[in-house]
Amino acid sequence: MEATSGVEEEPKLRHVEKDVLIPKIMREKAKELCSEKVQAFTKCCQDSGILMVVKCREENAALKECLTAHYTNPAFYEECKADYLKQREAFRATGIRPNQKEQRVPTSM
């Protein structure tokens, strides 16, 4: 069967890809983009100990705001979806997952 239009068909995504794998990429990228706020919150928690719930409210609010801004951005979702599709295509071509490429064999035993 031939496609009647010249536009490429959108790749089909499974439920697990839409609801688990792409959001996982979004979380990782958002943490990188909000790394300054993540570090500030982490430092506050380490310095405050048990009282972190009370003392780190400002840092927590700033971190949540930054992460939520990325999670609710449709362009960011599409960017992460494109990254996932590239990873999926590379896996289908090579059979090697992206995280397996990063693993190194120890040089000394």
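Residues 24 or more positions apart make up 71% of the protein chain's contacts with a separation of 6 or more, a contact being heavy atoms within 4.5 Å. This is a predicted model, in which local features need pLDDT of at least 70, side-chain atom pairs count only at pLDDT 80 or more, and totals for chains, interfaces and linings use all residues. Residues are numbered from 1 along each chain as its sequence is written, and side-chain values use heavy atoms, with hydrogens and water left out.

**Fold**
- The protein chain has 6 helices and 0 strands; these are DSSP runs numbered from the N terminus (helices H or I, at least four residues; strands E, at least two).
- Of its 109 residues, 18% are buried, meaning under 20% relative accessible area with a 1.4 Å probe, protein chains only.

**H2 against H4**
- The axes of helix H2 (residues 35-48) and helix H4 (residues 57-71) come within 9 Å and cross at roughly 155 degrees; axes are lines fitted to C-alpha atoms over the stretch in contact, and angles run from 0 to 180 degrees between N-to-C directions.
- H2 and H4 are therefore roughly antiparallel to each other (angles over 145 degrees).
- H2 contributes Lys-37, Val-38, Ala-40, Phe-41 and Cys-44 to the contact, and H4 contributes Glu-59, Asn-60, Ala-62, Leu-63 and Cys-66.

**Core**
- The largest nonpolar core has 13 residues; such a core is a set of buried Ala, Val, Leu, Ile, Met, Phe, Trp, Tyr and Cys residues joined through side-chain atoms within 4.5 Å.
- Helix H1 (15-33), H4 and helix H5 (74-94) each give two or more residues to this core.
- Ile-22 touches Leu-13, Glu-17, Tyr-77, Cys-80, Lys-81 and Tyr-84, not counting residues up to four places away in sequence.

How values were computed. Parallel < 35°, antiparallel > 145°, perpendicular 65-115°, else oblique. Buried < 20%, exposed > 50% of the residue type's maximum accessible area, 1.4 Å probe, protein only.
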